[in-house]
Amino acid sequence: MVQPTFHTNRRTLLRGVGIAAVAGGLSACPGGALASPSRKGPGRDPDAVNVPGTTAAQRAWARRTLRGMSREQKIGQVFNQYLYGSDAHTVTEADAAENLKLYGVRTPAEVVAKYHLGGAIYFAWTNSVNDPEQIATLSNGLQQAALEANGAPLTISIDQENGVVTRMGPPATTLPGAMALGATRSPHEARLVSRISGQELRAVGVTMNHAPDADVNVNPTNPVIGVRAVGSDPQLVSQIVAAQVRGLQVNKGVSATAKHFPGHGDTATDSHVGLPEIPHSREEWERIDLPPFQAAIDAGIDSIMTAHLLMPALDDSGDPATLSHKIVTGVLREELGFQGLVVTDGLQMEGVRQKYGDGEVAVRALLAGVDMLLMSPDMPAAWKAVTEAVDSGRIPMARLDEAVLRNLQTKAKRGVVADPIVDAKRVSRVVGSKQHQRVAAAVTAESITLLRNEGDVLPLAPQQLTVAVAGWSSGAETHDALAGALRKHGATVTATATGASPTQEQVDAAVGAATQAVVSIVTTYNVEEDSRQIALVEALRATGRPIVVVALRNPYDIAHFPQVDAYLASYAWSPMAMQAVADVLVGANSPTGKLPVTIPAADDPAKTLYPFGAGLAL
């Protein structure tokens, strides 16, 4: 057996790495409850808008800028849109065609100028995040276009939750996601990881991260959250979320966004494709869903994202939370006292489009109290509807001014006004640095959770290092990474990718490989009751060889095959996660992760198979 020495070294590394070692000192974030704003309607006095943490000079700049804006510039400031193209001014014909279809102009810079946009959001499918230097150049070009059009910089945002939701990939540092951080039980490590994320994003010109996820995942069948959440315990989620907020926003950093208010953790419907309803009572909401959002507010978070879901206990109107004045203004603003920026979840999602057209959705979101409209799928319709609502007085100018001021003050608070342009030549010194990689690897290793180890199958003895790997893989990358890591430890490995729904032919091939090996390792991905992955695991168990299952995403998979010899949860399938898994398999590292959720039995959800906090060592 390989001597388990890495665990001690890893702990020493993380104890010795403070925020200062990653990128400078940690400034105190404002704590405690925020003062409630005056309880007025949508036409409240915009002069009362004071985003927490802004200076008098920053607020004065925002008010001066607002006074100099036309109606069109004000309206543009509340929109944050996706733009096709890797460069602000020069795009491919395919990207130009997409922009023409959506906005009537060819380039991202032209979209910013035409609609006076206040924000832009980056995705791989818009060709915005090809590599760090390209991202920085794109950001600079967009900022220059915004300054020329509006006299104010853009909010450039991204969904960089890390883990399964990662928009800016390698060479950026591969960082563990929320549930992996929950498994470490370490707010310190969560803050380190988030600080790295914020620093790398800011280096490429991103100013707002739509993270952390503040949902409490109490529903194991939740189809949209799962490992995106820290866990199922409100106290643990609150601790980690607060640490993530402080890490992202330290030293101006990037604006953090807690999502999805009022809480998306207990749903069986994905709001991308339908309208979920959360059955919690008011008491259950206050006990389960609220604490992480309150912790984020107390930590000084800049932004909170609304959810496209129904929560009748807070508003029984039948409108989703994004369009609910009772929830956005009544609960979030007046009850919780949140004075920062409120942003919608993506307005292209079906959860917000079932009752109203895209133009009406934009109007109703602003009337509910939202400040930033994210990703309207029909910009001309949304622009026209908001313009008409402002002109008619349906949206009071005071409500629009209030939203614009919050956007402007948040940009000033984060230093975007003072320094909107980034140094593209410096990007490679920050993004994916060796220090960042070391911290990420150490925290990822801390997260690996061992739930079952019957007969001490693990660690694998030297004579067991003839291994057959089968199961789900992200392309060939996951199995290649796991096999490569095992080979470094002296193993002989064959790998058979069988996907999330293996055919009988694939199952037979995996069984054939297993009969030639000493032990089988099966990688699984969100196993459901009728999944063919269960058939694969049972067929491999029938060979009589020891079988180790590694759950690559949600940790609940073991409920469907509780008799496997050993079971690990990795919460991710990145090469870094696979290296950490391999180190546990061969005994180079003793797992220390603790289960951040409760796993119920598949045949009786009322029965607990593995409790919150479960986790074995070697």
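**Salt bridges and spaces**

Reply: Arginine 353 counts as partly exposed because its relative accessibility is 28%. Keep in mind that this is a predicted model.

Me: What does arginine 353 form a salt bridge with?

Reply: Its partner is glutamate 350, and the closest N and O atoms are 3.6 Å apart. Glutamate 350 is partly exposed, with a relative accessible area of 32%.

Me: What about aspartate 371 and arginine 333, how far apart are the closest N and O atoms?

Reply: They are 2.5 Å apart, and the two residues form a salt bridge. Aspartate 371 is in the loop between helix H13 and strand S8 while arginine 333 is in helix H12, so the pair ties together parts that are 38 residues apart in sequence.

Me: Is aspartate 371 buried or exposed?

Reply: Buried, because its relative accessibility is 0%. Arginine 333 is buried as well, with a relative accessible area of 1%.

Me: Switching to lysine 411: where does it lie?

Reply: In helix H15, residues 397–413. Lysine 411 is buried yet has no salt bridge. The nearest side chain of opposite charge belongs to aspartate 302, 12 Å away.

Me: Then what does lysine 411 touch?

Reply: Leaving out residues up to four places away in sequence, its contacts are Gln77, Gly118, Pro153, Leu154, Thr155, Val416 and Val417.

Me: On to the spaces. How many cavities of 30 Å³ or more are there?

Reply: Eight, from a search of the whole structure. The largest cavity holds about 100 Å³ of space. Its lining has 17 residues, and Glu161, Asn162, Ser194, Ala211 and Gln244 lie nearest its centre. Helix H9 gives the largest share of that lining, three residues.

Me: How much space lies in the largest pocket?

Reply: About 570 Å³. The largest pocket is lined by 26 residues, with Pro220, Thr221, Val527, Glu528 and His560 nearest its centre. By type, the lining divides into 13 nonpolar, seven polar and six charged residues.

How values were computed: Residues numbered from 1 in each chain as written. Predicted model: local features only at pLDDT ≥ 70, side-chain atom pairs only at ≥ 80, totals over all residues. Heavy atoms only, no water. Helix = DSSP H or I, 4+ residues; strand = E, 2+ residues; numbered from the N terminus. Buried < 20%, exposed > 50% of the residue type's maximum accessible area, 1.4 Å probe, protein only. Lys, Arg positive; Asp, Glu negative; His and termini not counted. Salt bridge = Lys/Arg side-chain N within 4 Å of Asp/Glu carboxyl O. Contact = heavy atoms within 4.5 Å. 1 Å grid on protein atoms, 1.4 Å probe; cavity = no way out; pocket = protein on both sides within 12 Å on 5 of 7 lines; lining within 4 Å. Points joined across faces, edges and corners; volume = space filled by probe spheres on them. Nonpolar A, V, L, I, M, F, W, Y, C, P; charged D, E, K, R; others polar.
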